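Hello,

Please find the structure below, followed by some notes on what was found in it.

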Amino acid sequence: MRPLAVYAKFDLALTRALGSYLYNDKGQAILDFYSGHGVISIGHSHPRFVERLKEQMDRLLYYSNAVDFEEQYALCRVLGDLSGCADYDLFLANSGAEAVENALKVASYVTGRKKMVVMLNSFHGRTSLAAQCTEASKICAPINSGLDVTFIPLGDEAAAHAAIDDQTAAVMIEGIQGVGGIREASTSFWTTLRALTQQHGALLIADEIQSGYGRSGKFFAFQHHGVSPDVICTAKGMGNGYPVAATWVKQGLPMAMGSLGTTFGGNPLACAAATAVAEVIRDEGLVAHAAAMGEFLQTGLASLPGLNNIRGRGLMIGFDLDHDSYALRSKLLHQHQIITGSSRLKETVRILPPLSIQKFECERFLEQLALALRST
């Protein structure tokens with residue numbers, strides 16, 4: 001038996017990780033400027049995170065949602081304060097795709113409708129409803145069909161006016177498109193979506209699975225635009241590698257008992273992981289730190305020749321080459337010991353270091369990137 005071969009993988013065998021570094025089977029330290037799709041928010045094996053998990057495992061690892069856990073309430077308290085979104089309630093799950101599936105169910109329950117409006121070049125997940133809301137046909141099997149979905153260009157206000165109507169259950173938009181190549185809508189577009197959804201009795205869903213948890217330099221990327229969604233989806237950086245996700249539902253939206261459910265979601269160990277992450281982000285000032293390091297990186301990137309369309313916020317940054325980025329990313333990994341990411345756009349390099357990345361590590365990245373560019 002072997003793992004099903006459905007992933008394109010880095011040529012990299014890892015043995016451990018610490019802080020901003022991965023260590024391979026050759027003993028090399030690899031600077032992590034990708035964080036495993038933006039998952040590692042507070043650094044690998046943060047001592048406070050590890051200690052919290054160990055303590056929780058010794059005390060109470062799992063029981064189902066048939067009983068109440070103080071760990072869930074503790075997580076809600078710290079997240080409400082840290083995020084500025086205390087007027088939402090959390091439905092805890094295990095993955096980003098689940099958070100999206102549940103957000104879509106909430107929208108359909110609340111409105112009694114089933115039409116979705118989503119953005120071109122989006123990525124919301126690989127499960128049934130999420131896959132149908134993702135503009136990537138290869139992730140949809142024939143059974144992933146039947147949802148009424150309208151795709152509109154990101155930022156096209158005329159298309160939004162044409163698509164959103166009294167049959168729309170929800171409009172879903174990523175805070176910043178990640179797989180789509182670090183693309184972000186304007187404040188005007190966000191404001192238009194908010195106004196149209198309110199006008200037509202639809203919900204606004206912010207998919208913050210990659211862009212949330214401080215990565216953009218605010219806790220949520222939508223907070224750069226001064227809007228308040230009805231539903232928010234989080235995962236990735238929420239657990240720093242432990243599987244945990246949440247659908248944030250605005251208080252006051254009617255949800256019936258038993259309408260959502262999960263066996264493992266919100267278990268005590270998952271809540272301990274998520275609480276530790278939130279406390280470290282708060283106590284180490286990592287949201288502001290991400291904003292500062294992002295500015296430093298974007299300034300440095302702008303000084304390098306051959307990089308186009310440098311964009312993003314905080315530590316969610318992308319830039320384009322005049323050609324496929326594979327050769328550069330491979331050289332960075334195998335010759336300069338730095339791992340970076342790609343996107344659906346082959347010419348794009350995606351940068352998602354831990355929020356705890358230090359200035360000297362950003363300087364090393366810029367120095368090594370300059371060397372790699374000269375020889376690519």
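Strand S5 and strand S7 (residues 168-174) run parallel and are joined by four bridges, where a strand is a DSSP run of E with at least two residues, numbered from the N terminus, and two strands pair if DSSP finds at least two bridges between them. Within this pairing, Val118 stands opposite Met172 in S7. S5 is also joined to strand S6 (residues 148-152), again in parallel, by five bridges, and there Met119 has Ile152 as its bridge partner.

Before going further, please keep in mind that this is a predicted model, in which local features need pLDDT of at least 70 and side-chain atom pairs count only at pLDDT 80 or more, while totals for chains, interfaces and linings use all residues. Residues are numbered from 1 along each chain as its sequence is written, and side-chain values use heavy atoms, with hydrogens and water left out.

Why is S5 largely enclosed by the rest of the structure? Five of the five residues of this strand (residues 115-119) are buried, so S5 is largely enclosed; buried means under 20% relative accessible area, with a 1.4 Å probe and protein chains only. Lys115, Val117 and Met119 are buried on one side, and Met116 and Val118 are buried on the other, which leaves both faces of S5 covered.

S1 runs antiparallel to strand S2 (residues 21-24), to which four bridges join it, and Leu14 stands opposite Asn24 in S2.

Best wishes

Terms used:
Buried < 20%, exposed > 50% of the residue type's maximum accessible area, 1.4 Å probe, protein only.
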